[in-house]
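Hi,

Here is the structure I promised to pass on.

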Amino acid sequence: MTTPDTHGAGEPGHELVAAEPIADPGLPEHLPRPTDIDPKAERRAERQVASLFMLSSVFAVLFCVAYFALKIGKDPSVFLGMGASNVALGACLGLALLCIGVGAIQWSRKLMNDHEIVEYRHSAASPEEDRVEALAALDAGIEDSGIGRRPLVRNSLLGAMAFLGLPAIVALRDLGPLPGDKLAHTVWKKNMRVVQDVDGAQIKPEDMEIGQLVNAEPQIFFATNAEGEPEVEGTALLQEKAKAAVILVRMLPDDIKDKHSANWGVEGILCFSKICTHVGCPISLWEQQTHHLLCPCHQSTFDLADGAKVIFGPAGRHLPQLPITVDADGYLVAQSDFTEPVGPSYWERG
Amino acid sequence: MTTTASTNGTKPAAAAKPSPAAGIANWADERLGIATSAKKQIRKVFPDHWSFMLCEIALWSFVILLLTGVFLSLWFTPSMGEVVYNGSYNQLRGIHMSEAYASTLNISFDVRAGLLMRQMHHWAAMLFIAAMLVHMMRVFVTGAFRKPRELNWIIGGVLLLLGILEGFAGYSLPDDLLSGTGLRIADGLMKATPVLGSYMSFFMFGGEFPGDQIIPRLYTAHVLLIPGLLLALIAAHMLLLVYHKHTQWPGPGRTEQNVVGYPMMPVYAAKAGGFFFIVFGVVALMGGLMTINPVWRFGPYNPAQVTAGSQPDWYMGIAEGLLRIMPGWETHIWGITMSWNVFLPGQVAPMALLGIVLAYPFLEQWITGDKREHHLLVRPRDAPTRTAILAAMVTVYGLLWAAGGNDILATQFHLDLNTITYFMRGAIFIVPPLVFIVAKRWCISLQRHDNDMLLHGYESGVIMRDALGGYTEKHLPLSEDHAYKLTARDRDVVYTGITGADSNGVPAPNVRVDQIRAKLSKAWFATNVQKPTRAELDEGHHHAELEHEHDAPLEDHAADGHQFDGRHDVTGDDLTHKH
């Protein structure tokens, strides 16, 4: 009983039911329900079902009343933080539907015939003679086509089908432009001012306190041309923002461990890419005391005092640093574009 | 089955003249010839069990998604063209945003019942995927995927994958800050593809991320391409279900050769049809009373902004968890970058997981060598290895899900984020095998318990004291139906493999592979407890008779266990157990 039988290679799997320990007693006897034998119970069930269906129509009408009676839009938080219209419409529609559903199921359980029916199964496979006939038909078809005797026709057809894949792929070519070196460059360039991302305000080193973090952007995002039109707008603005967004932090110059990194800053103010090197979320959770910057998406953590190297999480690379200096007017400006691609890694990134 | 069908006796047995329904049926059959198939299908039998309802939840959620989705498509504008919002929602008025986001706000605040439909659509999507997943677990753990249903298992797995993709495409459409962050992550995942990454990204977004193409393209996928595939596969799934006939639980009169239950017309039409309205009604209540995806609070997408605690919809949680706990491995060599940290968890792992799930019926079949058709379900305890595999898989899923919310866990339970992540990195490899072992042993002990009940009866709760002061609990035999149910299962047979060489000393081909198979089969079955044989049952009953003899002197005082529970009146009862 505790160890299974073992069989040789001939009969893998389970032993077929040879001698069952207990014989199948057969389907149990049908027991009548109260509604089968008590006319009172039957009429009660009938009334329940009909009342539910009638109640449903009431709620359907109430839905229409609520649709016209209740205003929407002005205040979406009248009731439990939600709009009165939404609550009333949802409740009426929900109850109208539930009444139909519950009524139908009550009907089937109490009033419909509940005798179980037995249906016999058949093997999923076709009968043997059908299989033989089908195979014969298939063979006859293949024979008539001559595909086996004419390999040239067969192979050239297969080749033609394979080549049809080319137009299918080539036709999709215009889905987008080739990447070129677009991912390797941003709008940052020499002497472009680093400005606040909210209002475009220019920043002087003395505006920043030790420990402060400022979300910043290149000034060109706020610049207008001669006609007063923005220099960069619409889709282009979003695309450039997705690469050029930066953060400025000010630390005590002595706290900066990476001297190369310190040289790219001004009086302890360093500028790093805001785009995570993992999958590209904008990073912004700043731990002032430890100089750690945390990505809110997947928690990669970078030490800004140590060249923004990864100290925790799934990111594989440090955050690129933007070399900055001050211009003649004393404002923070970029020394150049980023010296490496920002954002998520890609194959040809290097 | 008795034949005492009771009617109220007010209707005649046959109608006096043809009913209008018969007229319509006749008209249709003369043109479509449907009577031949209809005669079988109208009274088609479906077996009853609560767990068979899970697939219905998935099916009806899909219907609700189609209905509410059509409503939404009447107002939604799938465009990334920039507009200035000027609608009813004060806080965002005057702000630049895409037409997609503006029209979503419009549906929420200026179209009556629009918010209700949006929320119903989103809740139904959550329910659709959840129901598919739970349905799949039910099918797995009861062995309903076995021959001849393997293809339906694969169709189901593909449906789940498509459902998840459809959900992702759908919640990306409003172009709000949260969904845009999701697309940004999808962009990062794509860029990590070896060789083609940046090209795939540029082709998908029509240029550099975010471009102005992705919303219209996702819209086409969301309303045409994926729903079309879903619809076709659901149809195939259900046609196969009808062809194979539904599986059933073993029991008295319920065998491999039949299916016992209620006819489609009228019982299942009423039950399943009624259940559609119940699912629909519950979704409507959820849409009315429970806020979901309040995009107006997130604001329009801006690639330089993100909200702390950003979370995708629940079904993306395991992909999120994989991404979060992966160590930051990247290779830089010969001027190329290979980001294992994104490629492995983002592309390889999910596909590998899906591949294993889809291949599972064939793997199991190869190990067990069981090529027979199965229409009776197996209780989870009677397939300990399979049940343990499910338990381990659920554990992996749960751990990854928790890992996908490691920041939420850290802030809610005041835990250290880094510790949670380190823990998960180890736990994902250590905990599932432990759960596997526990689940398997648990199943086996439940099997032992079943055998105890068969051989010695169930514990009646009646304590007997004999003349020497010894105490025994009285065991009563199971009812015949119950005992049959417990034994209505196969005996497991371990596959021992082919012998190493034939009589001429020629080694059999594939011996090594076959030995692996034999070892796996042993691991699969060897510790299972088999049901008792006829002889063992007889011996058990004989033992019970001996016990009875032992109890004989106490006969006058023995109780049948029912005198205090009010089940029957004991006045005049001799309170003895009659065998």
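A residue counts as buried here if 20 or more other C-beta atoms, placed from the backbone, lie within 10 Å of its own. By that rule, 34% of the 350 residues in chain A are buried.

Before the rest, some housekeeping: this is a predicted model, in which local features need pLDDT of at least 70, side-chain atom pairs count only at pLDDT 80 or more, and totals for chains, interfaces and linings use all residues. Residues are numbered from 1 along each chain as its sequence is written, while chains are lettered from A and ligands numbered from 1 in the order in which they are written.

Chain A has a radius of gyration of 38 Å, whereas a compact globule of 350 residues would be near 20 Å (taken over C-alpha atoms; the globule rule is 2.2 Å times the number of residues to the power 0.38). Its C-alpha atoms fill a box of roughly 100 × 75 × 60 Å along the principal axes. The domain assignment, automatic or from a database, gives domain 1 (34-110) and domain 2 (184-349) in chain A. Their C-alpha centres are 57 Å apart.

In chain B, the axes of helix α6 (residues 150-172) and helix α13 (residues 340-368) come within 9 Å and cross at roughly 170 degrees (axes are lines fitted to C-alpha atoms over the stretch in contact, with angles from 0 to 180 degrees between N-to-C directions; helices are DSSP runs of H or I, at least four residues, numbered from the N terminus). That makes α6(B) roughly antiparallel to α13(B), the term for angles over 145 degrees.

Best wishes

Notes
Buried ≥ 20, exposed ≤ 12 C-beta atoms within 10 Å, placed from the backbone. Helix = DSSP H or I, 4+ residues; strand = E, 2+ residues; numbered from the N terminus. Parallel < 35°, antiparallel > 145°, perpendicular 65-115°, else oblique.
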